[in-house]
Amino acid sequence: MKSSSLSLIAGTVALAAVTGFAALTAPGDTSAAEPKAATRLPVERSSLLCPAPGRSDLAETTYTAYTPAADGADGGGGGAGTAELTQSTAVTADGTAGGTGKGDGGKEEDGKKDDKDDGKNGKGDKKTDSTKPVLSLKEPGKPATAEVSGADAPALVGTATGRLAPGWAAQQTTVVEAGARGLLGVSCTSPGADFWFPAVSTAKSREDYVHLTNPDDTAAVADIELYGPDGSLKSDVGEGITVPARSGVRVLISTLTSEAVEDVTAHVTTRTGRVGAAVRTADETTGSDWLAASVSPNGTLVLPGIPADATSVRLVAFAPGDADADLKVQLLGPGGPISPVGNESLHVKSRMTAGVDLKDITRGEPGSLLLSPAKGGEGTPVVAALRVVRGKGDGREAGYIPATGPVGAQATAADNRAKGSTLSLTAPGATGTVKVIASAGSGGGEQVVKTYTVKGGTTLAVTPPVPSGLKGGYALTVRTESGGPVHAARTLSLPQDGVQMFTVQTLSDDRGTVAVPDAVQDLSVLDD
């Protein structure tokens, strides 16, 4: 084969591994070639963004990073690789984060402002040291952890390369014992340009912040649109929010509109650049937690992992298109699907948010919610999320479950403890079988593997396997083995002083591999 042909093929494979898309044809070939099956290769680069943990001086945050070891290998990918999460750069609070028009109350920087800085002249701002990683992962198959305290921790930006890139996952878990108490968990996300957050609120009892994190070396510009039960909420200040390079900005949702509404859907988009987005919620009576983005609009949605002892479940859905959506509502429990009495269906008007109180729908058994077209077919695309409350009276605690896709090839929950984890597996269609891998511990221990079969139309909630000789935390990876798609969520519970503190993270395909199309023509026959 000639050197020019070798370079072309090598370049195409590298492009696909990094970007997820590539095509290859012989020069000058205009014939209609027969499509060939694509080869899946490990990605060679992954990016993750973690929002600033919180605003409480009492916050204690644990970061966990993990890359699954490939079957029969040491992690896939090429070369040794690196995986680091680094502090974002602090920004000023005088308008460089742009556009809310509400002063310092509506927009804040993810970084510490000097006590002498009034936010008006930009003086006294502290720059975080972005050269030293907060957390570095050394090898596949073993998680790494780091801890921070207080309200000063900034957002994190990170990149993994080589053998540490395929399936790289990170999570932050924060415990706040007083004030807007709670166990706050969120999986660090890949950057994007379009995010949906049903179940946010502008009610006076809530304090919800959208956190935007920019991983790139140029500024991003974002818009935030809000939709209530009657449609768009009037706002002139949610547009053109500038997120400076490698920085984080948080925006108080209630400052974007004068309307106090319980059920709101927030839509975050970017005009330029990419961001990571998550919502930190806080309620006067039920504490605080993170709300991750819903899966992209779809006619059928799965919301996995409702705890068996949930005392209140509220469903919030939104139809972003021109058509109304009529949805069938089903709880998939251990024994199969049931329709909640009085809430068997839900009508969602176009571009309006619908909320319904499902109360204690699980009634002592774990479950997952399935939303599907009431009349069959593909249905009208919607997004959705659940607000779940556990406990009663002063011991109530809230968490959130967004609609999520299936685990696909594999998905990971990076932060698990020796006690307190519950893994929910749901097969909304055909029966599916998955392999669950409990990694080695961050401080020691041996990997344990167990296989589960989930009957179609049911939810299986299990105490996941724990590494033998566990020291520290560990990661859970779920891999599809056979059968229909399986959706998953991991609940972490840390009861404290009579409060059932918990957080739920859904698991979706980590996209650790990309499809590389085979060459349409064998270029080894070509001359220079």
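User: Is Arg206 buried or exposed, and what is its relative accessible area?

Analyst: This is a predicted model, in which local features need pLDDT of at least 70 and side-chain atom pairs count only at pLDDT 80 or more, while totals for chains, interfaces and linings use all residues. Residues are numbered from 1 along each chain as its sequence is written, and side-chain values use heavy atoms, with hydrogens and water left out. Buried means under 20% relative accessible area, exposed over 50% and partly exposed in between (1.4 Å probe, protein chains only). Arg206 is therefore buried, its relative accessible area being 10%.

User: Which side chain meets that of Arg206 in a salt bridge?

Analyst: A salt bridge is a side-chain nitrogen of Lys or Arg within 4 Å of a carboxyl oxygen of Asp or Glu. The partner of Arg206 lies 2.7 Å away, N to O.

User: How many residues apart are Arg314 and Glu262?

Analyst: The side chains of Arg314 and Glu262 form a salt bridge at 3.7 Å, N to O. Arg314 belongs to strand β21 (residues 310–318), whereas Glu262 sits in the loop between β16 (248–252) and β17 (264–272); strands (E, at least two residues) are DSSP runs, numbered from the N terminus. Glu262 is partly exposed, at 48% relative accessibility. The pair links distant parts of the chain, with a separation of 52 residues.

User: How far apart are the closest N and O atoms of Asp415 and Arg417?

Analyst: Asp415 is buried at 3% relative accessibility, whereas Arg417 is partly exposed at 24%. Their salt bridge brings the closest N and O atoms to a separation of 2.9 Å.

User: Which residues do salt bridges that share partners join into one network?

Analyst: The structure holds 11 salt bridges. Those with shared partners connect, in one network, Asp223, Glu239 and Arg271.

User: Which element gives the most residues to the lining of the largest cavity?

Analyst: A cavity is a set of points on a 1 Å grid over the protein atoms alone where a 1.4 Å probe fits but cannot get out, and lining residues have an atom within 4 Å of a point. The largest cavity has a volume of about 50 Å³, and the elements that give two or more residues to its lining are β2 (45–50), β10 (182–187), β12 (209–213) and β18 (276–283). Residues of the lining include Leu49, Val186, His211 and Gly276. With three residues, the most is given by β18.

Technical notes:
On a 1 Å grid over the protein atoms alone, a cavity is a set of points where a 1.4 Å probe fits but cannot get out, and a pocket is an open set with protein on both sides within 12 Å along at least five of seven lines; lining residues have an atom within 4 Å of a point. Grid points are joined across faces, edges and corners, and a volume is the space filled by probe spheres set on the points. Helices (H or I, at least four residues) and strands (E, at least two) are DSSP runs, numbered from the N terminus.
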